[in-house]
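The structure is shown first, and the description follows.

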Amino acid sequence: MEKFGKSQPVKRFEDPRLVSGLGGYIDDVAPAGALHAVVVRSPVAHGTITSVDLSAARAAEGVHLAITSEDLHKGGVTGHLSATRMKNRDGSEAAGPEHPILAEGRVRYVGEPVALIVAETLSAAKDAAELVEIEIDELPAQMTMTRGDTDLHEGVPGNLGVDWSEGDGAKVAEALKGAAHVMRATVIDSRCMVVAMEPRGCVAEWDGTRMHLSFGGQGVWGPKKEVATLFGLEPGNVRVTHPDVGGGFGMKAKTYPEYIACCFAAKELGRPVRWIADRTESMLSDNGARDLEHEVEMGFDADNRLVAYHVKTRYNLGAYNSNFGQAIQTFLFARVCTGVYDIQDVFLEAEGYYTNTAQTDAYRGAGRPEAIFLLERSMDLAARDLGVDPWELRRRNFIGRDKFPYKSFSGENYDVGDFNRVLDTAVEKSGLKGFAERRAKSEAAGKLRGLGLCYYIESILGDPNEAAQVEFTEEGTVNIYVGTQSNGQGHETVHAQFLSDQTGIPAELIRVVQGDSDRIETGGGTGGSRSVTTQSNATLATVSTMIEAFTGFLAEVMEVDPDKISFDDESFRIEGSNAAPSMLDVADWAREKGRSDLLRHRATAKLPGRSYPNGAHVAEVEIDPETGKTDLVRYTVVDDFGNLINPMLAEGQVHGGVIQGAGQVLMEKVAFDEDGQLLTATFMDYAMPRAQDVPFISFTSEPVPSTANPMGMKGCGEAGTVGSMAAVTNAVADALACRGVTQADMPFTPDRVWTMLNHAEAAE
């Protein structure tokens with residue numbers, strides 16, 4: 001195996017297993033004889049529950065259990081799901097309504113779990129669920145992010161969940177007042193669904209003492225703590241595992257109510273209980289994403305340099321707080337809102353409202369796409385107002401290379417960056433100089449062509465601590481235990497590849513073990529683009545521990561001074577000897593001599609600081625004004641991810657993220673009627689991008705290695721989405737501007753684009 005730093009494009013080790021049907025997803029790992037659970041959900045968005053009659057369901061053939069919240073309480077589970085709470089701008093605690101496992105007294109969104117039916121077969125459980133009679137006195141649905149007339153929760157007047165700000169409002173107002181030019185705009189970031197390839201599901205088992213919960217998630221330790229708390233169990237009596245996971249996107253990080261209800265059923269019945277959502281059920285009950293309305297002001301001086309940035313945001317919390325719900329668009333938004341620009345003063349305001357539109361809000365990008373989308377959309381609008389080239393406006397306001405390390409207004413310490421260099425490469429790779437000719441050809445064919453740029457920056461979020469453990473087995477293979485969790489990104493490859501690179505152990509002999517709270521003591525899970533950077537940092541620390549321990553052992557066995565022994569990433573070298581034992585050789589010798597203590601090594605490491613991946617996305621679209629159809633015809637990405645372990649996996653991550661962001665911009669939109677009924681509950685109604693909707697995506701790495709970690713890495717998990725939302729939106733807006741469209745908001749479906757063009761024509 002070549003050394004780290006040479007960035008080998010190694011194919012994914014897990015793919016043969018996954019594409020041949022040998023993956024072990026939730027529906028594959030349920031033990032034989034597991035009972036089937038079906039969730040009975042609220043048919044209305046808002047109302048008071050007057051009765052839930054389970055008598056017919058309980059008497060149905062094959063049914064073992066039928067429960068409501070009352071049964072949970074009788075069984076000792078009286079707590080509620082945990083959630084994040086922010087501080088309001090006045091320092092008070094933001095709203096903290098209780099999130100029940102099964103609805104208590106009132107329902108607050110269509111699809112809220114009301115009852116759980118457990119039967120011998122799935123068909124029996126579904127049949128019994130049809131027999132449940134729920135009577136609900138409907139209340140008005142609150143569908144807008146305003147201080148509505150109907151409160152969803154007691155003690156939350158006007159449904160205002162959080163009222164937050166950061167920065168000096170008076171100072172920013174003064175700067176805007178004195179600016180040579182101020183751009184003001186309203187920007188919409190529409191709601192979308194996460195739509196992971198694998199729907200949510202779980203399997204719960206109770207052996208009389210211990211609870212085992214297995215579900216498709218993004219980390220096992222938070223759910224372990226929650227299960228232990230709700231059931232009054234000692235942590236050692238709870239095991240949480242993740243099998244293969246078909247997509248996470250932040251949505252699967254939460255402990256959902258169905259998981260706890262299934263744990264209760266397993267405990268009551270003494271048999272394993274499994275639950276798998278169908279697609280419509282997922283669309284109703286999974287956490288949603290985005291749904292923000294921004295009012296933005298940007299002030300520039302006479303030289304078109306940014307002097308002030310003021311944002312007021314309203315965002316949708318859904319019906320309850322989630323583990324991330326209040327923080328997502330506030331704290332995380334503030335972290336990156338200044339982007340790559342040297343802005344003098346910033347003031348952010350945010351109001352989060354409870355609505356009957358979903359369970360809670362998820363993140364599908366952890367706040368970074370929202371923040372960068374707004375900033376880069378605003379920069380394009382400002383360039384149009386100022387009459388300047390949008391690329392030049394960005395260059396003029398970049399944080400200069402000589403200003404690093406640079407401290408942002410929110411306290412982020414950008415360690416390195418060379419934004420002009422990355423943008424120069426984007427100019428070349430995107431064929432910017434030939435755009436005018438391509439636009440002319442499109443116009444000659446009766447089409448509109450637009451170009452959009454986004455220059456983004458994001459940060460590694462989540463716990464900077466991570467652990468790794470390496471175990472040498474009797475079979476001659478090596479296990480590496482990691483605290484992160486793959487959701488399809490290729491962790492089994494990259495973690496094995498990195499360990500192989502540092503130790504010389506053949507990658508094919510390394511097995512990555514993840515997602516098991518019994519086998520792995522601690523971990524931060526996956527989210528916020530943290531996995532590879534934090535886990536590799538921990539692996540480096542573990543390798544150092546291994547080298548130290550093996551050096552001492554070799555010195556003892558070979559009767560030499562430890563200072564005479566070195567390790568060169570492949571084998572140990574002993575001065576005065578031709579011997580060059582590998583890590584595997586030394587492990588075998590240790591086993592022969594009964595030194596089992598040398599066969600397992602563990603270390604915990606903390607990242608010295610965050611790293612800040614950044615890059616330029618360039619999109620080109622072509623619009624048919626007769627139909628409103630928008631085609632994404634060219635896409636170029638130039639990213640600074642620092643040092644890469646595997647550029648092929650990084651490029652794959654970017655491709656997926658680009659398509660995800662472009663899908664939201666061009667076709668995805670969650671739609672409800674005025675009563676809170678979901679109108680996009682199937683793939684017949686909710687559009688998702690397909691291969692025919694996406695051009696070849698050009699990817700170029702332009703690394704500026706980070707100084708915040710010893711590997712020089714920068715995370716790349718969400719970079720594709722962070723850049724594509726603004727790049728594609730700006731491209732569509734650029735094309736529509738040719739016909740006088742001044743307000744262009746996603747999603748750019750054919751009907752909406754056609755309407756924008758016709759309204760602009762009528763106005764002229």
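A residue is called buried under 20% relative accessible area, exposed over 50%, and partly exposed in between, with a 1.4 Å probe and protein chains only. The model is predicted, so that local features need pLDDT of at least 70 and side-chain atom pairs count only at pLDDT 80 or more, while totals for chains, interfaces and linings use all residues. Residues are numbered from 1 along each chain as its sequence is written, and side-chain values use heavy atoms, with hydrogens and water left out.

**A buried histidine**

H310 belongs to strand β14 (residues 306-318); strands here are DSSP runs of E with at least two residues, helices are runs of H or I with at least four, and both are numbered from the N terminus. With a relative accessible area of 17%, H310 is buried. Its side chain makes a polar contact of 2.7 Å with the side chain of E349. Such a contact is a pair of N or O atoms within 3.5 Å; within protein, one must be able to donate a hydrogen and the other to accept it, and residues adjacent in sequence count only if both atoms are side-chain atoms.

**Backbone geometry**

Most residues other than glycine have a negative phi, and most peptide bonds are trans. The table lists departures from these patterns.

| Site | Feature | Value |
|---|---|---|
| F404 to P405 | cis peptide bond | omega near -5 degrees |
| M746 to P747 | cis peptide bond | omega near -5 degrees |
| N159 | positive phi | near 65 degrees |
| E559 | positive phi | about 55 degrees |

P405 is located in the loop between α12 (390-397) and β16 (406-407), and P747 in the loop between α19 (719-737) and α20 (750-763). N159 occupies the loop between β6 and β7 (160-167) and is buried at 0% relative accessibility. E559, in the loop between α16 (531-558) and β22 (565-567), is exposed at 72% relative accessibility.

**A negative surface patch**

D53, E133, E135, D137, E138, E674 and D675 form a negative surface patch. Patches are made of residues with over 30% relative accessible area and no salt bridge, like charges being joined within 9 Å; a salt bridge is a side-chain nitrogen of Lys or Arg within 4 Å of a carboxyl oxygen of Asp or Glu. Strand β6 (residues 133-138) contributes the most to this patch, with four residues. D675 lies in the loop between α18 (647-666) and β27 (697-701) and is partly exposed, with a relative accessible area of 46%.

Note on methods. Patches are made of residues with over 30% relative accessible area and no salt bridge: like charges are joined within 9 Å, nonpolar side chains (Val, Leu, Ile, Met, Phe, Trp, Tyr) within 5 Å. Accessible areas come from the Shrake-Rupley method with a 1.4 Å probe; for residues, only the protein chains shown count as cover. Lys and Arg count as positive and Asp and Glu as negative; His and the chain ends are not counted. The place of a charge is taken as NZ of Lys, CZ of Arg, CG of Asp or CD of Glu.
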